[in-house]
Each structure stands twice: as structure tokens, then as C-alpha cells.
Amino acid sequence: MEALKLWNLTSQPLKRHLLHSTTSITSYAFRRTPRTLLLRSSSSSSSTASSSAPDIDKPTGAASRAAGRNRRAPASPTTSTSDREAVRAIRLKKVEELRSKGLDPYAYGWEKTHSANQLQDIYRDLGNGEEANGENDHVSIAGRIVARRAFGKLAFLTLRDDSGTIQLYCDKERLIDDQFEQLKAHVDIGDILGARGSIKRTEKGELSVCVLSFAILTKSLLPLPDKYHGLTDIDKRYRQRYVDMIANPEVADVFRKRAKVVSEIRRTMDSLGYIEVETPVLQGAAGGAEARPFITHHNSLGRDLYLRIATELHLKRMLVGGFEKVYEIGRIFRNEGISTRHNPEFTTIEMYEAYSDYQSMMNLAEEIVTQCALAVLGKLTLDYQGVEICLERPWRRETMHNLVKEVSGIDFSELGDDLEVAKKVTLSTLGNNLDAKDKASIEACQSVGHLLNEVFEVVVEPKLIQPTFVLDYPIEISPLAKPHRRSIGLTERFELFICGRELGNAFSELTDPIDQRGRLEDQVRQHEKKRAEAASRNADKKEGTENEDDLYEVTLDDDFLTALEYGMPPASGMGLGIDRIVMLLTNSPSIRDVIAFPVLKVQQ
Amino acid sequence: MASPPPSSSEAAAPTPTPSPSAATAQALGGELSKNALKRELKIRQKEEERKRKEEEKAKKAAEAQNAQANKPASADDEDMDPTQYLENRLKYLAAQKAEGTNPYPHKFSVTMSISQYIDKYESLEKGEHLEDVSVSLSGRVMVKRPSGSKLVFYDLHGGGFKVQVIADASKSDLGEAGFSKFHSNVKRGDIVGVTGFPGKSKRGELSIFPKTFVVLSHCLHMMPRQKSAAAAADANLMKDPWVPGKTRNPETYILKDQETRYRMRHLDLMLNPEVREIFKTRSKIIAYIRRFLDNLDFLEVETPMMNMIAGGAAARPFVTHHNELNMRLFMRIAPELYLKELVVGGLDRVYEIGKQFRNEGIDLTHNPEFTTCEFYMAYMDYNDVMGITEQMLSGMVKELTKGSYKIKYHANGIDKDPIEIDFTPPFRRIDMIEGLEKMAGLSIPKDLAGEEANKYLRDACLRYDIKCPPPETTARLLDKLVGHFLEETCVNPTFIINHPEIMSPLAKWHRSKPGLTERFELFVNKHELCNAYTELNDPVVQRQRFAEQLKDRQSGDDEAMALDETFCTALEYGLPPTGGWGLGIDRLTMLLTDSQNIKEVLLFPAMKPQD
């Protein structure tokens, strides 16, 4: 591979003796470069942006007070503002000292020969107290100093890079020039160092780089949080993810695994002949799901646009256009509350395949999730929050009717079409196990199909711990799915549940444009009805925003309907929630653990 | 036969549905507010108007084509008024449903793709039939040629390939009467499944002879007709396939009208087979970048598209609102600051391929959402990154063009000869200030931040008659001069390097040239394709640069950058020396697909609302 050669491509050796007059920059006058379509343009964003820029890094008053009462943990992230400022001041002084000596506290690069892990691997068999000092044993590494112990003429630093850690063994006798003095005077925990030297395993068995020379590559100004006392402030962990990652290297592993999952999904799709495409995020109508969309405004078009709530309708248009297997991995946006399972933006894969039906999508779901599990865990059993999950195929496939009957004893196939009777039976059967909210939801159901689904959600969903495909959803709640070829009132649809959570949703796609138009128009009508009710309730309450959920507008995607009229081949499609797959495979309790920068409430 | 779908009773109303606006208005009248109703009606009216116009257009086209093709007028109903055509199709479907037939079957088992079929049976002799073989193919009927009531020829398209279907009553499992009735209802544009045996016609065309023939999905509209059915029928679509690096000419497409092509991409894809190759190329470009970076041990990450602050670039952002959190959010204009935070966190090599959003006008090179790749690589500088850029782009061009570093591109319009662009590494490098001084015979004052330099550059612009709309800042004046003297020379890939600090607030000062930064932009065909630098990682200097931005805004520059406090704090924890890089994927795709309009490379480009 041509690309592989680049692995060793490194920067020019560090020139340490450059002088900078740059700290005295006073007259920068940045202007935006001419408008470009691209990237990274050099300056400035909008004026509107800054006016709202909250100073989210500022410790809250409460945090400062807490730190004030508990002054004995000065290196923890709850360090009070004054402590932080003191550290910063000392270190800024070190920056000046380095510069005055002709050293660069912010270097331009470093020629690395190995990663920490590579060295641990290569010298695995080096005995305690042994040194490797051949020509090939002169190595160069770089990373962050995360621990430091100094004794008279000896100092031990722990250096961590992307791959792992290694010790720097710094012996005054071996270091060139006055570098040992420099080490003691100027190197702090948190600094990024480059070091060259030979290899030695200490008597205590610690593999070390026996340092000949080193350079401070980046001087850090703030103290690292103490790993053991930890970053216990969960909110701060998410807000300053980089601190979390420095303090807890295993956090970065979640993101490595996430990358692996996404890459494995891509590999699986590509090997099956699917083509990856990109469809718009900004849309004139937000279709393909029922959810409150984000609204924005395009100035030069002078029109409001929605952020997509699904990729479904555009991908189906690709099938009309003659692509037979397409998928998109991308961000979806829903203007809904945040929780351990919900972030306003999240990542899904949606895939569509012509001439297939929902049965084949079940096989594909099994294939994708098991491949991901093997890539990340190397096995098909896993522990999720104390529960053992077995992903061995085939997974259970059962109809929604049977599952509801199994768990609740209510047989909806015998209940018939009378909604009131069905509600009575449901309430009398489940009555004692329902809380008020569930009862209200059941009372509010507009059809037997809705009722079935409600019962399913309340009593069955939490019990679906091992992988289960729930089949054949009622038509009333499945506006984009094809009517079931045998069972009237149902659709050819399934959802995949693991650990009581929905991971996927798939159907034989509805291809009949007349049926489709009717169902979407129905959906709009139902929504408008709810909206009108909510509006009048709110009007009664005057200031109520409780039911605001129903107040957004739902529009019909006419371009999609027109496309269907040109004929879409029989097809099936599936959406999988990538964040939820990653949560499952990394044993993460919250979606915030698998999203690098989750949305959080505004700090006071 | 499957029982009729339960919902068909409402859908299959015996008469064609009344005008949808009337129906919806009635249905919604009770619940909608007056304004909403008005809006709804307006949208409906517009939609109907649009449809009417479209239909008129199609009608005119059909008329013109019918005049050319001296076919029997009744052959395919195609002389019919498009509205009438649609109504007939709807009636037919309703009748099918009423009979208990599901006109949209759930599943058709395809045994091979058309391209596999061609590979397997292309070698048959003229007139050879393999009657004991059974194959099931599916695709869209693009040409229908009846030859009496017992024999119909179809062209079946699928996956960019085409095969002939010879439907012969004597070989069909329908009776003769049934055969003729059935095939009179198969229309151009229908999606069909055929099961039959392979063979070649007497004239030597590979065909399939179906025993069964099922319509899987119906085309309710009259398809725009191919200009020359004969020409299209002759050669297989992919005999001389377009490959990246070759020129394209959309003027020769069956469907030419740009508005229709971009608004109804499904039609574009159906009728213009090259279009699918554009999007396959786009997919291959992105796959190549991923593979290239993955091989260098990069980690692909996802950073937020909605932020409290829109940082990392100069552009007007989209604004939106999170209801429950009651929070104003901006769509990202660049992922730069988040990606650098991850490098601070210890992910030494990260990249993100994703959408950026800019609330700006729409033109030949700008769409409100577009795709970029950015990567950040610890311990590297801009020299290393230039090397990586050369390897990535030259390698990509060579792979996609199947062996050449050179591509053809209609830089001067489709009616002029295409130019050749050569991606052979290494790429040319021009030092920005030195190059400008040399090309323009200037001697620019060294202190670029000073008033003297500003005056000097103003004079230079005057002398060369180069317009710079106000404000005439030094950065803008320089940019105009560079555009005029340097960028114009950058047809083959060229790095313009070492931009002044005043133009580059996130780039690190140059290690040996005061006042400049370690930055490069890659230009190809006079357009910026990449932008990269040794990242500024001194938090003190970074804060100063943000402060200057603030000053600029106070003095009237309404697009100066907001201070991102989280980012600055991250730098205080220490960002290793890092090389960062951004690439515009849409622009790269334009180059490799000979596209002059960004809408050619976006499946669903943003379009102005229709009147």
C-alpha cells in the first residue's frame, strides 16, 4: 500500500533554538478570507454566535464554594479558580523562561520512531535490570507526562501516548547538557514531551526509555485532574471530554470501539454490494418518522428548513432512480428531551434493498450486529450492565400479538375491532399493574392498533432482554410499511429489541403511491387534531407548555409521493441506531458515554 | 394471489380521487387555523400549478417526439394528454384492486442481476436458445416495442445495464388472449420481474424469453421519451462506460432540463445512465479517503453538528432552537475546534468526514450543506501534511482513472475544449508573499499588520486595476492580489504556502519567517481544494488572536470569530504539535466527474422554492 509508507513519515527534527518574537503579537487584524465553500477558512464566525457565547468553563459558584471548604484536594478538577490561576501563572512563567533560554515551549513536530505499545511489545522479553543499547535500540517517542517522581540525580516520568504508557528513566549522568536541571525546573505533569534514548527494564520490572535527550513539545498550563480522586463531576466529564480522556484512558477506548463498529458496518454493507450515499440534512419537509423537528431559516432562500428526522424518504427516491442497494450512515436530529437514551443528534444507518422483503432484513440485522460484536469483543456473549446477553444466531422472531398474549394474557386477535371493548379488557386484565400515566395513555389510544402497541410498550418491551425481532406491527402505527401479505390490519414490519431497547426498525416498504398518500394524509390529519387539542388545552391553561409536544407542524413530502408514482421496486429497508449498538457493545449505561460531545443543559 | 391489502378500500375509491386540495381542505377545515389552512391551500395550489406546468412540458415533448417517431399512435397511449394518462393508470390500478389483485406484489425473487446475466450469456450464438434454463430478472421497462398482439419487445434496465425481453405469446403461460390483454397494460417505466430462458435473437441481441412476466410496480406518469430509441437500443448502456477523469456532456443527455434533473433526481437517474456513475464516483472518493487514513492509523470520529458557538471558520451559521432545553443552537460551520479537543484528549490521529452548513447563497459552487474531510495528526507539521496530500490525491486519481494521473475537465465551459489536469506528484509550491512579489513586481513592506503595508497594497491594486470591495483590509487586498496573480496560474495542483498571520487566526506562526504562518492551500483548476496548517497550540497567542477578532467585530466586521472558551481551555491542557487538514469533497468530486455545477454531485441539491 502506498499509504502505508506514510506511517513513518515524520516531521523535520525539532529545531529547539528558534527564537520567537510572537508572544508580543499585538496587531493581528484578522478578517475573513473570501467566502469559500470549503473548510477551515481562516477566520471568524458570526456575530450572533458570540453574543450568546456562554463562559461554560467558568466553575460555578457552587463548585468554587465547595472547593473553598475542602482545600485539601488542590490538584482535583474542582480546584478553585484561584488555585487554577496560581498554577497557570507559575507555568506561564516557565513558558517565558523557556523562551528566554532559546527553547520553544510549543514545538513544531517530533520525529517518533515508536509508540509506547510497540516498545512494550518489542521488548517484552527483556529481563529485569537489562538494557538494550544496540543501534536499533535507540528510539524516539512522544506523549503526555501523566506521572513524575524525582530523586536527587534520578527522575522517573510516565509518558502516555495514543497506544499506552511507558516509563522515562532520567539519569542525570546520561542526559546531555543541563537537561536534567531543565527537567526538574520546567517539566510538569501534563506537559507533552518528546524523548530519545535507549531501552532498559528497571530492577522493578518497568520497561523504560533511558533518556538521552528530551524536548518539551507543548507546555501545559493547567493541572491534570487526579485519576484516583477522579473526575467525579459527571457533568464536567461530558463538558470537557478531553480532560476526561486524559484522566481516564479507557474513555478513549469507547471511541476507538465506536470507530470500529461504524467501520465494521460499512465493511459489511460494502461487501454485500450496497452503495453509500449522502442525502440532505436540511429539508423542506421533515418526513420518514414522527418526531418534533428542529427548524432553521435559510436567509438567501428566505425560507424555513427542517433538520432531517430520518433519511428514509430520500433513500427510497434513490430506489426509484434505479439504485438497488443503498445505505446512508449519518446524523439525525430530533427536537426532544435529553436523557441517558436520547441526544438531540444521533447517528443511524438506514439501508434499502430492491426486490427483498423484511425477512431478509432480519438476516441482515443479525449479520451486522454479530459482525460488530466480533470486531469489538471477539465473541458473541457480552455483559450489559450486569445482564448477560447472547448474540448467537438465530435470534428469536415472534409477532407482536403473540408477545403481548404471552406476557399479558390478552389475545388481541380475538378482541375484534371494538376499541372500547378492547380498552375495557386491557384495563381489567392489567389494571393493578398499571400506574396512572399508563392508564391515561391506554385511555387515549385512538385505535385497536395503537392500543396493542401501547400494551406492548408497557408490558412487553422491558422484558425483551435477549435479541428479539418483534414482527407484524399494526397498520395504524406503521404509515410507511407494506400491508401484511396474509394478515389483515397488520404490516410487514419488525423492530429489533435487545436489553429492552429498540435497536432497529424495518419493513417491507410500502410502494403503492395511492395507499401511501392516503396514509400520510391520515397521519397529518391525526397530528393536526392532536395539535388543535393541545393548543386549546394550552389556551385554557394560559401559560401551559406541558403539551407543547404536539404543537409542531407536520408536512407532507410531495416530492417523495411523486417519486413513488414513477414506480419503486418492491423493497425492504431498515434503520439501526448506531449509538445504541455502541452502548451495548461497550457496556455503556448512557448515550452520553458513546457521543464525544453530548448536548447538555446550559450551565447556570 | 395475495388478498387485497386492508387499506386498499379507501385508496381504491371507484372514481379517481378528486383534486387533493379540495379533499384535504375539507378534511382539515375543522381543525386547522385559518392561516394554516390558507398556507396549506397555497402549497397545494402551487403544487398543482407545478404539476400542470410539468405535464404541459411533458405533453409538448411527447407531441414533438410523436411527430418524429412515426409509430402507430395507439401503440402505447403515448399520444395521450398526460393528465388523462395518469387518470387511466389510476383507474387501471383501482380496477385491479377491486378484482382482488394486489398490483404491488411483496416480493419477486431475482436469480441474477442484468449485468451478471450479460456476463454469463453474452457468448451465446445468434438464434441460440437455452430453453431448459430458467432465470429471473427484474428492472425497469424503458422501451416497449409491440410487434402485433402476440409479440412484444422490451428493453429492461437495471443496475446501469440493459437487456432485451422478447415476450412471445406462444412461450408465455398466459393464454393468447390473456397475453395480449396483460401486455397492453404494461407501460414504459413499469418495474417488472420476468422468469424465462436466455437466448439470442436472430439479429444476435442477447434476450430473455419469459414464461412469466409480473409487473412489480407501476409508473403512473408518462416517461420522457428517449430522443433516439433506435440509437439507445443499439448499444448496451455500458459498452463504453464513463470513468472518472473522462469528460461528460449533459447536453447530450436524454433528460437535459436542469431544473427537472435536480428536482426529480429519480428521473435523472432513470434516463441518464451516466448520472449514477457520478454518485458511484463520489462514494468511491470518500471510500478511498477513509481507507487511506485508516491505513495511517487514523480514528474516524463524529463531533456535534449543533453547537452553542459556531467556530472554526468564517461563515454565517444556521440558527435553530431546542425547545425543551430552551437553547439556541448553531449548525456547525467547521468541526475544527472539536477535533483539536480530541487530540488534546489523547487521540493522536483523528478525522471526520461530514456535513458542514453555511447560511449563504446558492450558486455553481455553493450549497448550504456540503461535505468535508478534516484530519488532525499529532507530531506532524504542514510539510508532512503536504506530503500526505500529494500521496492521497495522486493515488486516488490513479486508482479511479484506472492508471493515470491526468484528468480531463471542461474548465472553460462545455462548448470549449477540455483542459488536462495533471496530479503527478510532487505538486508545485508557491510561497505566497515571495511569489506575489515576483509575479507582480512588488516589494511588500515586511510588517503586514502596519498601515504602510495596507497603503502599499491599495496602490498595487489600483495600479493593476484589481477591484477590492470595502473594507480594504490588508488581508482582503492581499487575497485579491493572490487571486489575480497566483491562483490564476494554479491549474495543475499547486500549494500556495506561508500565508500571513493576519489571514490565518488558527495557524501557527512560521518558525523562520516573521509575520507569516505555516499554512498551505491547495489549488486545482484555480479553486481552493484543501486548506491546512501547523496548528496554533499556544493558548496565549490563540486568545490574543480571538481578542483581535473581537476588536474587528467592534469596529464593524460583523463576521469576526467568537471566542470559544472551551477550546481555549483545552489548549491550556496542552495540544501536541499537530498538523491539521481540510478537504472539500464536493469540489474534488466535481473535478473528477467533469462537473461545473455543484448540483451535479449532490443527489438532492438545495433548490430555490418554485414560483
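I began with the surface: chain A exposes about 24,300 Å², and carbon and sulfur atoms supply 49% of that area. The areas come from the Shrake-Rupley method with a 1.4 Å probe, and for residues only the protein chains shown count as cover.

I noted that this is a predicted model, in which local features need pLDDT of at least 70, side-chain atom pairs count only at pLDDT 80 or more, and totals for chains, interfaces and linings use all residues. Residues are numbered from 1 along each chain as its sequence is written, chains are lettered from A and ligands numbered from 1 in the order in which they are written, and side-chain values use heavy atoms, without hydrogens and water.

I then looked up burial. Of the 604 residues of chain A, 59% are buried (under 20% relative accessible area, 1.4 Å probe, protein chains only).

I looked up the domains, whose bounds come from an automatic or database assignment. Domain 1 of chain A covers 85-218, and domain 2 covers 252-395 + 466-540 + 547-593. Their C-alpha centres lie 50 Å apart.

I turned to the nonpolar cores (buried Ala, Val, Leu, Ile, Met, Phe, Trp, Tyr and Cys residues joined through side-chain atoms within 4.5 Å). The largest has 45 residues, and Met351(A) and Leu391(A) have the most contacts inside it. Helix 10 of chain A (residues 358-377) gives the largest share of this core, 10 residues; helices are DSSP runs of H or I, at least four residues, numbered from the N terminus. Apart from this core lies another, of 44 residues, including Val554(A) and Met223(B).

Technical notes
Buried means under 20% relative accessible area, exposed over 50%, partly exposed in between (1.4 Å probe, protein chains only). Helices (H or I, at least four residues) and strands (E, at least two) are DSSP runs, numbered from the N terminus.
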